[in-house]
Amino acid sequence: MKIVFAFLLGLSLISRLNPIHAGNFTVYGASATSRDVLAVDAGIRGGEVVAKVVQRLELGFEAAPMVLDLGRRLLYVASLRAKEGEGNFCAVVKLGCDGRMELVGKSKFQHGSAYLYQDRTGKFLLASSYFDGDVEVYRLDGEGLPSERVHHHHVGRDKAHSVMVSPDNRFAYVPYVKDRNGLFQYRFDAGAGKLVPLEPVEAKVPDGIGPRHLAYHPTMPYVFFSNEQQLGASSYRIGCDGQLALVDVEEAKGVKAAKGLAASDIYLTPDGKFLYVPVRDFGEGTQDTVHAYRIAGDGTLVHIQKVACDRIPWGLNVTPDGKWLLVSAAKGNTLAFYSIASDGRLAKVHSLEWGNMIRDVIVME
């Protein structure tokens, strides 16, 4: 899972409402270890980042991906996999005007979810299963709660790592990592919530890439992927028929692909100029890094920086003003704040200890 900002009331009015925070934004994370979702009050005060955990809400399952319904102010949090005797769930959390969380529902899913995404109409919730390889679509009722499963798709392989609908809501793409290396492409039926395979259904992917998460360019017909095994990033041009054509594959310079190394998330700055991909080092921990890339007008990528991270950087988000990158370190137990310079380069300015195995980050301003 995605960073989303909702411009709420002015700071002075928020303070009069006696909220749990009085900062510039609230950050939400879900911990697989403590099986809860937490809220962080964060802001820039006196030129410095100030952040603290202000609320924890118990979920009772191994929380992993999240997605936000901004209009309804609902946060969806899904389980990665069910423990013995448990089911797979998707919790629905209501976010108050003060940022406070309230659990309003918990729906059962057929499979665990490595990724959640809401279609552009807000009527459907899409989920991909890493362990089973299934892609599912659930209808959302009038209150925003998941109801019946309206679509299920499986291509005969596991390790489906994400699913995301295109900005025009017409197409969806599902990448597969590791030995299942692949990228599948669909037309999205926004009326029925179904994925209709394109012909061909599988886009051409170089061997050993392992496309993992994706991000769309805000103004041009390009989609970008973090490459779990190759460690860098790739770009594709989206045709008018939804077919993807490979444009570029760029490495994570200064880090060589090796056992124990795996890229994770991907995020673009709102202006579409820069993108970021973390590399996780499950071995000695010396290569935990985030890599910055400049996006050219033709969709090609230029590596511009490698910067050190806390242990196992997993989830990313970029603020809409393009000034801050947030990085969740799953084993370092931290939420780190990096300033983004005008040339896309990063500088770490703050690190908050907030919880173990937090894989996703959502922000509301």
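Author: Two strands count as paired if DSSP finds at least two bridges between them. The model shown here is predicted. The strand to look at is S1, which covers residues 25–31.

Take its neighbours in turn. S1 is joined to strand S2 (residues 36–45) by seven bridges, and the two run antiparallel. One of the contacts can be named: threonine 26 has aspartate 41 in S2 as its bridge partner. S1 and S2 form a hairpin, with four residues between them. In that turn sits arginine 35, with a positive phi of about 55 degrees.

S1 also pairs with strand S29 (residues 358–364), through five bridges. This pairing is antiparallel too.

Next comes burial. A residue is buried when its relative accessible area is under 20%. Seven of the seven residues of S1 are buried, so the strand is largely enclosed by the rest of the structure. In a regular strand, side chains alternate between the two faces of the sheet. For S1, one side has Phe25, Val27, Gly29 and Ser31, and the other has Thr26, Tyr28 and Ala30. The residues on both sides are all buried, so both faces are covered.

The structure holds seven aromatic pairs. One of them joins phenylalanine 124 and phenylalanine 188, edge-to-face, at 6.3 Å centre to centre with 85 degrees between the planes. Phenylalanine 124 is in strand S9 (residues 124–128) and phenylalanine 188 is in strand S14 (residues 182–189), so this pair ties together parts that are 64 residues apart in sequence. Both of these phenylalanines are buried.

Another pair is formed by phenylalanine 282 and tryptophan 314: the ring centres are 6.3 Å apart and the planes stand at 85 degrees, so the pair is edge-to-face. Phenylalanine 282 lies in the loop between strand S22 (274–281) and strand S23 (289–295), while tryptophan 314 is in strand S25 (residues 313–318), 32 residues apart. In this pair, tryptophan 314 counts as buried at 15% relative accessibility, whereas phenylalanine 282 is partly exposed at 42%.

To return to S1: the strand has antiparallel partners in S2 and S29, and both its faces are covered.

Technical notes. Residues are numbered from 1 along each chain as its sequence is written. This is a predicted model: local features need pLDDT of at least 70, side-chain atom pairs count only at pLDDT 80 or more; totals for chains, interfaces and linings use all residues. Side-chain values use heavy atoms; hydrogens and water are left out. Rings of Phe, Tyr and Trp (its six-membered ring) pair if their centres lie within 6.5 Å; planes under 30 degrees apart count as stacked, over 60 as edge-to-face and the rest as tilted. Buried means under 20% relative accessible area, exposed over 50%, partly exposed in between (1.4 Å probe, protein chains only).
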